[in-house]
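Hi,

Here is the structure I said I would pass on. Have a look first, and my notes follow below.

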Amino acid sequence: MQKEAKKLQKQIGELKQSDPFADPDHALDNAAVDTDVREQVGHHTIEAEVKALQRKLTDVELALQKMQKGKYGICERCGKPIPVARLKILPEARFDIECEQKLRK
Ligand SMILES: [Zn+2]
């Protein structure tokens, strides 16, 4: 889990660096319009990816905190243990499948 959090942090950092808008010279360049459009698209794609990764990182960090408190693998809604099979697929799961489905509705 700790490794997963580190990996996510690294990915977020790398993605942010590949954002064309992160280039300090960006505002100064007089790039052709099509280049600007490409940069816009790239920027939005990266922004969306960074957001998704940050959301996952938050969940992983929450799972780590729960591990420290000895509450890992317990559904936050009903307090029942989350099945191991589910935790294998989604280690940062906060709810069991039943509650997850109810919460999504
Ligand atoms: Zn539950």
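**How the two domains meet**

Nine residues of domain 1 touch eight residues of domain 2, where contact means heavy atoms within 4.5 Å. Domain 1 covers 1-72 and domain 2 covers 73-105; those bounds come from an automatic or database domain assignment.

A word on the background: this is a predicted model, where local features need pLDDT of at least 70 and side-chain atom pairs count only at pLDDT 80 or more, while totals for chains, interfaces and linings use all residues. Residues are numbered from 1 along each chain as its sequence is written, and side-chain values use heavy atoms, with hydrogens and water left out.

Back to the domains: their C-alpha centres are 26 Å apart. Together they bury about 740 Å², with 49% of it on carbon and sulfur atoms (buried area is the accessible area, 1.4 Å probe, that two parts lose on being put together, summed over both). On the domain 1 side, Asp59, Lys66 and Tyr72 supply 60% of the area buried against domain 2, more than any other three residues.

Two salt bridges link domain 1 and domain 2 (a side-chain nitrogen of Lys or Arg within 4 Å of a carboxyl oxygen of Asp or Glu). Glu92 also has a salt bridge to Lys56, with the closest N and O atoms 2.5 Å apart.

**And the cysteines**

You won't find a disulfide: the search of the whole structure gives zero, taking a disulfide as a pair of cysteine sulfur atoms within 2.5 Å. Cys99 is buried, with a relative accessible area of 3%, whereas Cys78 is partly exposed at 34%. For those words, buried is under 20% relative accessible area, exposed is over 50% and partly exposed is in between (1.4 Å probe, protein chains only).

Cheers
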